[in-house]
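Trainee: Please take me through one part of this model in detail. I would like to look at the cavities and the helix packing around them.

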Amino acid sequence: MVLRWGRVSFFAAMTMLGVQPSHAEGETAERCSRTYHGALTQLQSSRADGLGGIFKQMRTSDAALPGRWLFGSPPQNTRNKKIDLTRARVERVCVEERRVGGRLRCQQFDERVVPSSEIGFRVAPTADEARVLKGLTDFVEGRGAIAEVGNNGRYSWLVQRMAQDLKIYISQPAHPALCSGGAELSEFYDVQLGPLHKRVQDIDGLVVRARDLALMRSREALGLRDVVRAQAAQSSEAALRVEELGAISRRASEGLSASTPVDALMKAVARTLLTEAEFSDLQSEGSVLAMVRRMRSNVIGLQDRVAAGEVPEGMSVESIDAAKRAFRMIEAAEVATLQRRAYQPFIDLVLSTPQSILNAHKASCTCDE
């Protein structure tokens, strides 16, 4: 028997399932109901407070998160569409003013270089990368708040109501007919939570895809770094063959695998662009996103140097851009992990409770067997 949730209350659901508490139950049924109530009380003591606060917790943002992609595309809503925020530019500024007729007038102008303020990419993200970035953008812009339970979230009402009704069910007082309908109600709850079970599966898939893309881009960045170094070490008369360059590229990424942590990918790619002192500073950061934030500043300075025609030794325009693409997907992989972590309390407190109720019912309500 499957019920449509709609706006059915907990008590209405019990009535629809034919659960009519009775004080005429036999002694055996009463004993099972007492056992079942004891099991529910254990669930209540460990989960009721969490169920009461889970909706607010999922909607709460983290001020420590940036609220935007650090290695994403530049914003499109700049006041002047002609300004390219991914390149340094020259501005004419007043350096000396004089009051003439009661008004300030500039007497001398100068030019100053305004550094770029956004990361620029030579190659757009692939369709798969774009899907991952799009799937995480709401979480990024919400600073860790889960958008689907926000004011206009598609699961806002469902999460709030299910958490409330599960709390009511496991907190109800003892009565002789408590075992009646318990299994059906558990199934009812689980069916209504189906869309959120699916959402968690999608989030798990997003973590895997983002992680795979981060690994792929990191390998590319390390491979290009070693190819550039190998080419620089050769004279023009002894240029390396294509197959030799391919072997160099493959060896560079052999230390990276599917089990390599995201922070290790970050450090490996960062090392292709940083001096020893800069790399030491990067390692002092306490999280992947903190490293991404620091690396953003380094990359913005580096891209200004490249735009001015200054490509540091051991690098190329292509290897720098490969590192940028790697950082973009490393950031995405870390954000995907944070989003999955933000869902874990909901999984523990809400999604798992119907099964816990069913387990308690099966173990306690055995009097009719």
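Mentor: The count comes to two cavities of 30 Å³ or more. This is a predicted model, in which local features need pLDDT of at least 70, side-chain atom pairs count only at pLDDT 80 or more, and totals for chains, interfaces and linings use all residues. Residues are numbered from 1 along each chain as its sequence is written, and side-chain values use heavy atoms, with hydrogens and water left out.

A cavity here is a set of points, on a 1 Å grid over the protein atoms alone, where a 1.4 Å probe fits but cannot get out; lining residues have an atom within 4 Å of a point. Grid points are joined across faces, edges and corners, and a volume is the space filled by probe spheres set on the points.

The largest cavity has a volume of about 90 Å³. It is lined by 13 residues, and Leu65, Pro66, Val140, Leu289 and Val335 are the closest to its centre. α11 gives the most, with three residues. Helices are DSSP runs (H or I, at least four residues), numbered from the N terminus. By class, the lining has eight nonpolar, two polar and three charged residues. Ala, Val, Leu, Ile, Met, Phe, Trp, Tyr, Cys and Pro count as nonpolar, Asp, Glu, Lys and Arg as charged, and the others, Gly among them, as polar.

Now the packing of α11. Helix α10 (residues 288-307) packs against α11 at an angle of about 160 degrees, with the axes 11 Å apart. Axes are lines fitted to C-alpha atoms over the stretch in contact, and angles run from 0 to 180 degrees between N-to-C directions. The two helices, α10 and α11, are therefore roughly antiparallel (angles over 145 degrees). On the α10 side, the contact (heavy atoms within 4.5 Å) includes Val288, Leu289, Val292 and Met295. On the α11 side, Phe327, Ile330, Glu334 and Val335 are among the residues taking part. The contact of α10 with α11 has 13 nonpolar, one polar and three charged residues.

Definitions and conventions: 1 Å grid on protein atoms, 1.4 Å probe; cavity = no way out; pocket = protein on both sides within 12 Å on 5 of 7 lines; lining within 4 Å. Parallel < 35°, antiparallel > 145°, perpendicular 65-115°, else oblique.
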